[in-house]
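Here is a set of exercises to work through with the model open beside you. Try each task before reading its solution.

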Amino acid sequence: MTIELDHPALTLALAMVAGVLAQVAARHLRLPGIVVLLGLGVALGPDAADVIRPHLLGEGLSVLVGFAIAIILFEGGLNLRVPVLRAQALPIRRLVTVGALVTAVLAAVATRVVMGWDWRLSILFATLVIVTGPTVVTPLVRRLRLMPHLAAILVAEGIFIDAVGATIAVVALEVAVAPSRSDAALGGLSIFLRFGGGALVGLAGGALLVLALRVRHLVPHGLENILALAVAVTTFHVSNALIEESGITAAIVAGLVVGNVGFKRLSTVAEFKEQLTDLLVATLFVLLAADVRLADVRALGAHGLAVVALLIFVVRPACVFASTYRTDLTVREKVYLSWVAPRGIVAAAVASLFAGELAHAHLAGGTAMRALVFLVIATTVTLQGLTAGLVAERLGLRLPPRNGFVILGANPLARLVAGVLVRAGARVTLIDANSDSCAAARDQGIDVVQGDALATATQIAAGVESASYAVGLTSNEHINYLFGRRIDRELRGPELLIALERHDRGITMAVAEHDDIDVLFGAEADLLIWLDRVRRGEVVVNRLALSAVGPADASLAGWPIDAALPIARVRGAEIVLMTRRTDLRVGDHLMVAATTATAPAATAWLDSRGWRAAAAPTPATGAAT
């Protein structure tokens, strides 16, 4: 029995699973996902295995692209933060205005001279390569851990330039196929209407979604994600219906509004949108790569490669240096921005649209133009995706390796834990809004940042972006949990740990661990009692060693959490805070907090499991001063 491949639904399903598998392979190979997606799309397309056949989708491919772009750009806007944009407003604004103009002019001239195309086709191609790709740049920036201001510029440029470039490109197409000069002039002027109208529709769509999600009990729990999905897609298509090709701007603005108006369920919506975006990008890149004929790309020959080289080594640097003139960026930072400009899904999608429209208008060159755009995408994604990390390293623009701890809370218990870490040689920074607690931490020689721990600016000031661990250690487990989720959502990277209050059933260990947040001390504890014990100066910290003659089971199962708190494991020069998943080996040292009253019970339990005193008890710091 053979499988009949001439089914549109099967083509879409195969592209979807192939895209996801490509993403999985890219993670394991530590390669940019788009590189693997492009290669797999070509390998499975009609020019090779002929398993995925995009032509079967017909007009459905354009509809799918429209839905995907709406969601992708909405998610992009969702991740933009106004304070960050404001801090880098000048270079971002210039890159999407001056930079777009420089790119369009130089790319058109290069194509005209090298390829010998007429000015109409050269200008159309130039408008297509104005865009960079947020679907490529954003994961690349996250993986490389660039300096925050550079990362903000690249991500914001990628998102905003999609709206600018795609709109300019569509207007250029309208002018190119216009039957008369008056129609061409009207098409050129419509660019301002598209930006303004799209922004207004996006503002309305984003505001309606925020209002719906902020009204208590209006949207039942579990329906937030599908509502956000529906609003994102509807905003995009309503805007397009009102003003043709204004939907890209609308989707970005709607996401920007939702992402910058705080409400409790934002993190749930953002996480869902990010996963959906990954799926859509993977599926569409496979389909669009399979839809390009390799013979068309090969027909470009050395001239096509020359155009790509000019875009990378001449046009992009000219764009960046013109846009960043008299800004605070250093020469090294400008050089790096000049190197990183991979094209993405919007360029591919609009190029496919252009090829069809030019053919419909009986104008030659659409197929060659799409092939050249694909060559630009493949080359920039592969070359820059594989070398962006090395170039950043050589230019000294990457954040240092993660190390140290950022702890939410400067209360007595948090200061006790911080003191253990500091004495072991770890870098520790506390965050707290209480001035007395912050002063007490400073008196103990512990670094502290005073401010709102849930604010991204405060977290950055505390060094979360370079820390190995972020720890929520207040007596309010809900704040601890929100702290962890906010860092995971905004900054990513550090391992997340939170303390849970045993008598508050709001956040359980299962809930925390489902979100990849470990529970400090390996179990829920009576945090208020332990805070009071430390405050009264009743707690000492013991250092224990797991002896070679002890039993094999050295886990925290059954740990007497009321009698002792397992704080940290020391293994050589490494120190980690204790969770249920912390592994313990013979020879490890364990830092344990106990009181005079609870020490005998804790000692007996630990002794039965092979733990022996390694040093004299250490008086616990963190008591009230």
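## Exercise 1: a nonpolar surface patch

α6 (98-115) and α7 (119-128) each supply at least two residues of the nonpolar patch. (Helices, H or I with at least four residues, and strands, E with at least two, are DSSP runs numbered from the N terminus.) A note before going on: this is a predicted model, where local features need pLDDT of at least 70, side-chain atom pairs count only at pLDDT 80 or more, and totals for chains, interfaces and linings use all residues. Residues are numbered from 1 along each chain as its sequence is written, and side-chain values use heavy atoms, with hydrogens and water left out.

Task: find which residues form the nonpolar patch, and which helix gives the most to the patch.

Solution. 
- Step 1: apply the rule. Patch residues have over 30% relative accessible area and no salt bridge; like charges are joined within 9 Å, and nonpolar side chains (Val, Leu, Ile, Met, Phe, Trp, Tyr) within 5 Å.
- Step 2: list the members. They are L101, V105, L106, V109, V113, W119 and I123, which together have about 630 Å² of accessible area. Such areas come from the Shrake-Rupley method with a 1.4 Å probe, and for residues only the protein chains shown count as cover.
- Step 3: assign the helix. With five residues, α6 gives the most to the patch.
- Step 4: check one member. V113 is found in helix α6 and is exposed, at a relative accessible area of 64%. (Exposed means over 50% relative accessible area, buried under 20%, and partly exposed in between, with a 1.4 Å probe and protein chains only.)

## Exercise 2: the largest pocket

Task: work out how much space lies in the largest pocket, and which helix gives the most to its lining.

Solution. 
- Step 1: recall the idea. Rolling a probe the size of a water molecule over the atoms shows where empty space is left.
- Step 2: On a 1 Å grid over the protein atoms alone, a pocket is an open set of points with protein on both sides within 12 Å along at least five of seven lines, whereas in a cavity a 1.4 Å probe fits but cannot get out; lining residues have an atom within 4 Å of a point. Grid points are joined across faces, edges and corners, and a volume is the space filled by probe spheres set on the points.
- Step 3: read the volume. The largest pocket holds about 1800 Å³ of space. Its lining has 50 residues, and T138, V141, R142, R143 and R492 are the closest to its centre.
- Step 4: name the helix. Helix α8 (residues 134-144) gives the most to the lining, with nine residues.
- Step 5: sort by class. The lining has 25 nonpolar, eleven polar and 14 charged residues. (Ala, Val, Leu, Ile, Met, Phe, Trp, Tyr, Cys and Pro count as nonpolar, Asp, Glu, Lys and Arg as charged, and the others, Gly among them, as polar.)

## Exercise 3: backbone angles

Task: locate R326 and D516, and read off phi for R326 and D516.

Solution. 
- Step 1: know the background. Most residues other than glycine have a negative phi.
- Step 2: look at R326. Its phi is positive, near 60°. R326 sits in the loop between α14 (294-323) and α15 (331-339) and is exposed at 70%.
- Step 3: look at D516. Phi is positive here too, about 60°. D516 sits in the loop between α22 (509-514) and β6 (518-519) and is exposed at 58%.

Conventions
A salt bridge is a side-chain nitrogen of Lys or Arg within 4 Å of a carboxyl oxygen of Asp or Glu.
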